[in-house]
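Subject: Structure handover

Hello,

Here is the structure for you to look through. My notes on what turned up in it follow below.

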Amino acid sequence: MFNAKPLAVLLLVVLFMSCKSGQQLPANLKDSFFIYLDKGDEAYAGKTGFKNFETSLEYYDKARAIADETDDTLLLAEAIFAKGRVFDAWNRDPQNTISHFSQAAALFATMPQVHRRYLYVKHLLAHAYDKMGDSINCVSVLRELYHEIQPLPDSLRSKLGFTSEMALVSTEVRNYPLADSILNNLTSRAWIVNDSNTYNYLDHYYLAQSRLDVHYRRHIPSPHVDSLRKVVDNAATLDKMYYALNLSQLYAGAGRYDSAFSMLQMHNQLANQVNNNADITSMEEALLRSELQAEKRKTEYKSTLRRTWVTAIWILSILLGFITVLSLHLQRQKKRYKVQTRKLAATNHVLDEKIEQVQVMNKEIQHRVKNNLHMVFSLLQMQERKTTHRETTNNLQAAMLRIEAIASLNNELVETSQNPDLAKHIKHLMSSAINCLSNDGKIVTQISVEVNQMPLKWYLPVSLIINEWVTNSLKYCQPKTDLVELNIAICKKEDGITVTYNDNGEIQPKQPEGLGSQIIHMLCRQISAKIETLHNNPYHYQLTLNYD
């Protein structure tokens, strides 16, 4: 007896080998990712000019390539966020900064174990809106963060050094009451220290307090302004330029115009040093290369995924063809066994027991074939639910309908000793396709069958051909009204039968031949049938079959 179970195992292997998703991240790739990320952070922290950011971008792009390859959510979030920091420092494309920080925040939000990281990225999103001049969205994000952080215990809030950054951002958009509330209710001076890998939180704390003293509380002179002045001497080039400009504004607001002029001169000297045209051009080219590489990786990934699924579907089609041939062969064997057992029973009643054994064996074979077809259908259905790629979904649905057609015919062959009722079989076949693909649309079928049976060898090919026609109509038919009409007629002729099919869709340009068309032509060759189109419409068909 043939055992079909290995076929199901082979199908499982094909499906899971064809899918990349869900694989465990190799340790060496994860280590390489964080090495690139650390090197990028180290270059970023130099802040002596745009060259630092260009160097960090090269490392961040390498980390992003690893994240794309492994499809790990945490790594992808970190890579997107790192590149967003480069756009933020570049400060010439705020919309791109907002896009990267929004994507990163959304990914971090799905992982409760990195909630602090999510809060940190979200505060930078507010900063990006501030740089863009969008004070409404900036304040909205800050208020959301304020209400998320306020209920946290001191043990957690003390680890959120960026709360001073939130206050600074709030002063940027001149919402001084919100900045004052953040400093009073979310943090404490003792918790705030500078962090060389991220931001100078303490220095920014002095800047935020200085703005509040000068522009909001009117505490002049301000001790925080004096603290900020000490920061300038030890700051990196870009930070020194930033603080010098802010001190110039603060001194002017406090009436100390000589000091304001001195700080403005320092800022201008540093700006002339930093804003080198060659460095700016090089940075712009680096960002453009980075975006092009990201798009190229995305395109290559989609192409690889498409090729993988096409290969998997072809393998499944070959295996299904093998199962189909085996099923028909077993059915013929079943009928032959029945004839033999009747002859043997007429001559010798002693063989009754062996006849019963043969019948049990046949039922077991059919049962296994039925179970394997059901297993293949279920596997495809599971894969359909998990994929978001529309073309893959359509291919999987088409494969499921082909299996349904095979299984339906197999059941009818098992249930009757004669050839199946042709009209009943066609109705069931069209009903299955409509239930799978119609999406609650209005479908009307007209079925006319003049011959109730046909040669056994024609049943499966004709069933699969009709299934492809109906599937094509349900997917692409564009009628003038909301009602889709499907018409099929099976008529007698002297030396065979004709199968005519059409729908009420308007004539459309003929599409390139797909897998369904290839299957139809292959089946026609198998049964020596002739297929042609009618009325100059590439979707109205007539199939002619001649008796041998």
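A residue counts as buried when its relative accessible area is under 20%. Keep that cut-off at hand for what follows. Please also note that this is a predicted model.

Take Phe-81 to begin with. Its relative accessibility is 3%, under the 20% limit, so Phe-81 counts as buried. Phe-101 has a relative accessible area of 0%, so Phe-101 is buried too.

**The whole protein**

The protein has 548 residues, and 47% of them count as buried. Its secondary structure comprises 20 helices and five strands. The accessible surface is about 28,500 Å². Carbon and sulfur atoms make up 51% of that surface. Among contacts with a separation of 6 or more, 68% are between residues 24 or more positions apart.

**Aromatic pairs**

How many aromatic pairs does the structure hold? There are ten. One of them joins Phe-81 and Phe-101, with ring centres 5.6 Å apart and planes at 40°.

Tyr-120 lies in helix 6 (residues 115-132), 39 residues from Phe-81 in helix 4. Both Phe-81 and Tyr-120 are buried.

Which residues do the ring pairs link into a cluster? They are Phe-81, Phe-101, Tyr-120 and Phe-162.

**A charge over a ring**

Arg-85 is placed over the face of Tyr-44. The distance to the ring centre is 4.0 Å.

**Helix 5**

Helix 5 has 16 residues. At 1.5 Å a residue it should span 22 Å, and its end C-alpha atoms are 22 Å apart, so the two values agree. Which residues of helix 5 are buried? They are Asn-96, Thr-97, Ile-98, His-100, Phe-101, Ala-104, Ala-105 and Phe-108. An α-helix has 3.6 residues a turn, so residues three or four places apart point the same way.

Best wishes

Definitions and conventions:
Residues numbered from 1 in each chain as written. Predicted model: local features only at pLDDT ≥ 70, side-chain atom pairs only at ≥ 80, totals over all residues. Heavy atoms only, no water. Helix = DSSP H or I, 4+ residues; strand = E, 2+ residues; numbered from the N terminus. Buried < 20%, exposed > 50% of the residue type's maximum accessible area, 1.4 Å probe, protein only. Contact = heavy atoms within 4.5 Å. Areas by Shrake-Rupley, 256 points an atom, 1.4 Å probe, with all protein chains shown as cover. Phe/Tyr/Trp six-rings, centres within 6.5 Å; stacked < 30°, edge-to-face > 60°. Lys NZ or Arg CZ within 6 Å of the ring centre and 35° of its normal. Expected span 1.5 Å × (residues − 1).
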